[in-house]
Amino acid sequence: MGVPDQLADRMSMAEQHEYLRSRFSRRTMMRGGAVTLGAVVGGAFVPGATARAAVPTRSTAPSAQKVDGRLVAPFGRHLAYGNDPRTEMTVSWQVPVAVDKPFLRIGAHPWDLSHRIGAEVRTLYTPAGVGASADHTQYYVHAKLAGLKPGRTYYYGVGHAGFDPAEPHLLGTLGTFTTAPAHKAPFTFTAFGDQGVSYHGLANDALILGQNPVFHLHAGDIAYADPSGAGKTADTGFDARTWDQFLAQTESVAKSVPWMVSYGNHDMEAWYSPNGYGGEEARFSLPDNGPDKKNLPGVYSFVHGNTAIISLDPNDVSFEIPANLGISGGTQTKWFEAQLKKYRAAKDIDFVVVFFHHCAYCTSTAHASEGGVRQEWVPLFEKYQVDLVINGHNHQYERTDVIKGDTVTKKLPIGGTAYPETEGVVYVTAGAAGRSLYAFTAPDSYEGHEHEVDAVASFVNTKDGKVNETVAWSRVRYLNYSFLRVDVTPAPRGHYTTLTVQGIAETGDRIDHFTVARRAK
């Protein structure tokens with residue numbers, strides 16, 4: 001994206017951002033002003049609630065002549081929970097050109113969309129020379145809803161001046177969403193990482209929609225607009241337009257299923273902000289209850305039924321890809337432990353699921369395991385008995401035995417049950433959502449094709465570089481496209497409540513299944 005290799009190797013993400021800004025600012029200002037994000041703020045579903053610009057900006061994007069709104073259709077709709085999934089939802093979408101007065105309509109029935117809420121526009125400008133494209137401006141639109149009723153299905157439509165989804169000929173553009181229930185109830189969610197734009201990504205989306213999940217977790221490396229993934233800006237292949245393709249691809253699921261993302265190394269795009277996340281802040285509206293919205297916008301938590309979900313940012317602790325190493329100054333880990341304490345003490349929360357990009361335990365020949373995650377967070381997983389850890393980064397499916405203290409405390413065969421209160425933690429790498437696949441050093445071993453081995457050669461990334469290790473915890477390995485399905489079944493107090501976890505191949509075949517059980521509170 002414009003920083004010479006010899007410089008990028010020595011520069012943090014923030015330093016690369018400043019380099020790019022100084023290089024391009026004079027040229028782009030002469031042409032009308034460079035911009036990262038501009039905002040037009042509208043209302044929200046509850047009087048008095050307001051939308052917030054993604055990041056501070058000093059200027060606005062180059063002025064764009066507006067097209068007749070009747071000729072412009074929104075696309076790329078995607079949902080995200082607010083801080084309280086029972087009552088809050090954000091609907092986001094994209095328009096290909098600037099439009100006037102974007103808004104959202106919402107109601108309990110498709111024929112009754114009487115509530116009209118103004119929306120916020122986040123304009124993202126990428127000048128020629130930063131990446132592979134010519135000057136490119138993207139318009140992302142967000143409407144934050146609050147005061148919703150728990151467990152209720154709503155119909156919504158998005159539009160702007162000249163395009164009203166309530167018009168009879170546009171009713172086919174409507175979407176739906178359902179808020180989280182007020183009480184414990186069975187539900188299903190899905191997860192994967194490393195999707196990008198491809199046939200395989202599209203096929204996985206289609207299968208996920210068929211699982212009827214209440215939400216989906218994306219464990220980082222979302223669209224791959226920056227194909228280098230090293231947190232550097234020297235890759236001339238960066239292309240912001242990839243996001244237009246990705247959001248169009250994902251819309252079939254994300255318009256009705258909250259698409260909860262975590263940020264990976266390919267999601268650091270240095271042009272937009274010092275931490276590389278300015279582009280992501282334009283495109284996504286996530287819960288803002290994390291420790292550092294400025295530096296770590298992808299760190300947050302939410303609760304659905306009896307299950308707490310925590311999203312972390314491993315770029316902050318990664319020895320392998322250190323562009324943002326230490327960016328939080330330790331605040332992320334402190335916040336994470338506080339969240340674990342809170343959720344373990346909560347009387348209505350049984351399970352804690354953590355998802356993020358870099359793997360604590362994986363035997364891929366590409367990235368394998370991240371020592372920074374093992375150092376910072378694995379002790380907390382074990383101390384607070386985290387029920388399931390979901391990662392991406394390595395493009396394959398791999399599932400561990402039950403682990404504590406870097407050793408196997410219990411072999412967990414396909415179909416087995418883990419008890420985290422007494423045994424340890426299970427880790428799943430679900431990074432085969434659509435990008436090209438990696439490799440294992442050991443043969444595949446999955447449901448119906450089991451090939452057990454006692455030891456697998458691998459390595460872990462440390463502050464001193466790669467360190468080889470031979471591991472005994474690699475239980476299931478599948479080198480093809482896949483995703484996770486998790487079924488949560490509550491139980492009366494004192495009885496076992498369960499997470500039933502399944503690995504599902506792109507073919508629809510089940511490649512793994514196991515259960516996590518703990519006594520309900």
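How many helices and strands are there in the protein chain? The protein chain has 8 helices and 28 strands, these being DSSP runs numbered from the N terminus (H or I of at least four residues for helices, E of at least two for strands).

## Model and conventions

This is a predicted model, in which local features need pLDDT of at least 70 and side-chain atom pairs count only at pLDDT 80 or more, while totals for chains, interfaces and linings use all residues. Residues are numbered from 1 along each chain as its sequence is written, and side-chain values use heavy atoms, with hydrogens and water left out.

The mean pLDDT (the predictor's confidence in each residue, from 0 to 100) of the protein chain is 90, and 88% of its residues reach 70 or more.

## Chain-level features

Of the 521 residues in the protein chain, 59% count as buried; the term denotes under 20% relative accessible area, with exposed over 50% and partly exposed in between, for a 1.4 Å probe and protein chains only. Among contacts in the chain with a separation of 6 or more, 73% come from residues 24 or more positions apart.

## Packing of helices 3 and 4

The axes of helix 3 (residues 199–210) and helix 4 (residues 242–254) come within 9 Å and cross at roughly 10 degrees. Axes are lines fitted to C-alpha atoms, for helices over the stretch in contact, and angles run from 0 to 180 degrees between N-to-C directions. The two helices are therefore roughly parallel to each other, a class that covers angles under 35 degrees.

Helix 3 contributes Gly-201, Leu-202, Asp-205, Ile-208 and Leu-209 to the contact, and helix 4 contributes Gln-249, Thr-250, Ser-252 and Val-253.

Glu-269 is located in the loop between strand 12 (259–261) and helix 5 (278–283). Because its relative accessibility is 0%, Glu-269 counts as buried. Its side chain makes a polar contact with that of Trp-243 (3.0 Å); such a contact is a pair of N or O atoms within 3.5 Å, where within protein one must be able to donate a hydrogen and the other to accept it, and residues adjacent in sequence count only if both atoms are side-chain atoms.

Asp-350 occupies the loop between helix 6 (331–345) and strand 15 (351–355). With a relative accessible area of 1%, Asp-350 is buried. Its side chain is joined to that of Lys-184 by a polar contact of 3.2 Å. Beyond neighbours within four places in sequence, the residues in contact with Asp-350 include Asn-306, Arg-344, Asp-387 and Arg-518.

Methods
Parallel < 35°, antiparallel > 145°, perpendicular 65-115°, else oblique. Contact = heavy atoms within 4.5 Å.
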